[in-house]
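Please keep the sequence and the structure in view while reading.

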Amino acid sequence: RVMRYIVHESPKGSIAELAPEAGESLREAGDFLDAMVSAPSATLALRAEHLPPEFLDLKTGLAGEVLQK
């Protein structure tokens with residue numbers, strides 16, 4: 001799938017903000033990896049509303065899996 005980004009410029013370089021289509025969110029660790037690899041900047045920003053609810057539920061292991069990638 002094609003990821004969309006909004007690129008913000010800062011004094012320290014560019015920041016790519018993931019801008020998914022309405023209703024889209026990152027669901028699996030692979031989705032996060034795809035977003036990181038295809039970002040047009042070394043810095044990636046994600047908004048909380050684009051994260052699935054289970055991301056912050058430590059029992060699911062999703063956050064840990066993403067952070068270990």
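## Helix, sheet and surface

Val37 is a residue of helix H1. The model described here is a predicted one. Because its relative accessibility is 66%, and exposed means over 50%, Val37 counts as exposed. Together with Leu33 and Met36, Val37 forms a nonpolar patch on the surface. The accessible area of these residues together is about 270 Å².

Helix H1, made up of residues 29-38, lies across strands S1, S2 and S3. The helix runs at about 50° to S1. The strands build an open sheet in the order S1-S2-S3, and the pairing is mixed. At the edges are S1 and S3, each of which pairs on one side only. Between S2 and S3 the pairing is parallel, over 2 bridges. Ala16 has Leu44 of S3 as its bridge partner.

| Strand | Residues |
|---|---|
| S1 | residues 5-10 |
| S2 | residues 13-18 |
| S3 | residues 44-45 |

In overall composition, the protein has 2 helices and 3 strands, which follow the pattern β-β-α-β-α along the sequence. The C-alpha trace spans about 40 × 25 × 20 Å along its principal axes. Of the 69 residues, 32% are buried. The accessible surface of the protein amounts to about 4,900 Å², and carbon and sulfur atoms account for 55% of this area. Among contacts between residues at least 6 apart in sequence, 55% join residues at least 24 apart.

Terms used
Residues numbered from 1 in each chain as written. Predicted model: local features only at pLDDT ≥ 70, side-chain atom pairs only at ≥ 80, totals over all residues. Heavy atoms only, no water. Pairing = 2+ DSSP bridges. Helix = DSSP H or I, 4+ residues; strand = E, 2+ residues; numbered from the N terminus. Contact = heavy atoms within 4.5 Å. Axes fitted to C-alpha atoms, helices over the stretch in contact; angles between N-to-C directions. Patch = residues over 30% accessible without salt bridge, like charges linked within 9 Å, V, L, I, M, F, W, Y side chains within 5 Å. Areas by Shrake-Rupley, 256 points an atom, 1.4 Å probe, with all protein chains shown as cover. Salt bridge = Lys/Arg side-chain N within 4 Å of Asp/Glu carboxyl O. Buried < 20%, exposed > 50% of the residue type's maximum accessible area, 1.4 Å probe, protein only.
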